[in-house]
Amino acid sequence: MAYRVRIDPLALREIERFAEYLRDYSEDFSIEQFERLDRILREDLTESPVTWAYFPLTGAPYRAYLFRVGRRTQYWIIYTVDEETHIVDILSFWNAARDPDTLEL
């Protein structure tokens, strides 16, 4: 059974900041990144969210998918999984280069 994905307002704001970041790059590159992110949210985390490990900075119950953008930039998609209700809550789209003390969950 597929999981339903919900995106927290904080994660949505972080994704919007990611869109602003991509404005410095070509339109083709930006579109490619958003298509990848959409596929991850729509397919990977909907079909098999427990595939990915717990987030290394916090451990359970937070899981994380490392989303790479080009060669140097990486974002953690931090989420929880409720296996009873089949709901995945995306809590953060966090730039891995940031200070770990700035992480809000």
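In this predicted model, strand E1 runs parallel to strand E4, which spans residues 87–95, and the two pair through four bridges. Within this pairing, Ile-7 lies opposite Ile-90 of E4.

The E1–E4 pair belongs to an open sheet of four strands, arranged in the order E1-E4-E3-E2 with mixed pairing.

Helix H1, formed by residues 9–22, touches E1, E2, strand E3 (73–82) and E4. The direction of H1 makes about 45° with that of E4. Helix H2, formed by residues 27–47, likewise packs on the sheet and has contacts with E1, E2, E3 and E4. The direction of H2 makes about 160° with that of E2.

The loops that connect these elements contain two backbone features. In the loop between H2 and E2 lies Pro-61, which is joined to Ala-60 by a cis peptide bond with an omega of about 10°. The other feature concerns His-86, a residue of the loop between E3 and E4. The phi angle of His-86 is near 60°, a positive value in a residue other than glycine. His-86 has a relative accessible area of 19%; because buried means under 20% relative accessible area, His-86 counts as buried.

How values were computed: Residues are numbered from 1 along each chain as its sequence is written. This is a predicted model: local features need pLDDT of at least 70, side-chain atom pairs count only at pLDDT 80 or more; totals for chains, interfaces and linings use all residues. Side-chain values use heavy atoms; hydrogens and water are left out. Two strands pair if DSSP finds at least two bridges between them. Contact means heavy atoms within 4.5 Å. Axes are lines fitted to C-alpha atoms, for helices over the stretch in contact, and angles run from 0 to 180 degrees between N-to-C directions. Buried means under 20% relative accessible area, exposed over 50%, partly exposed in between (1.4 Å probe, protein chains only).
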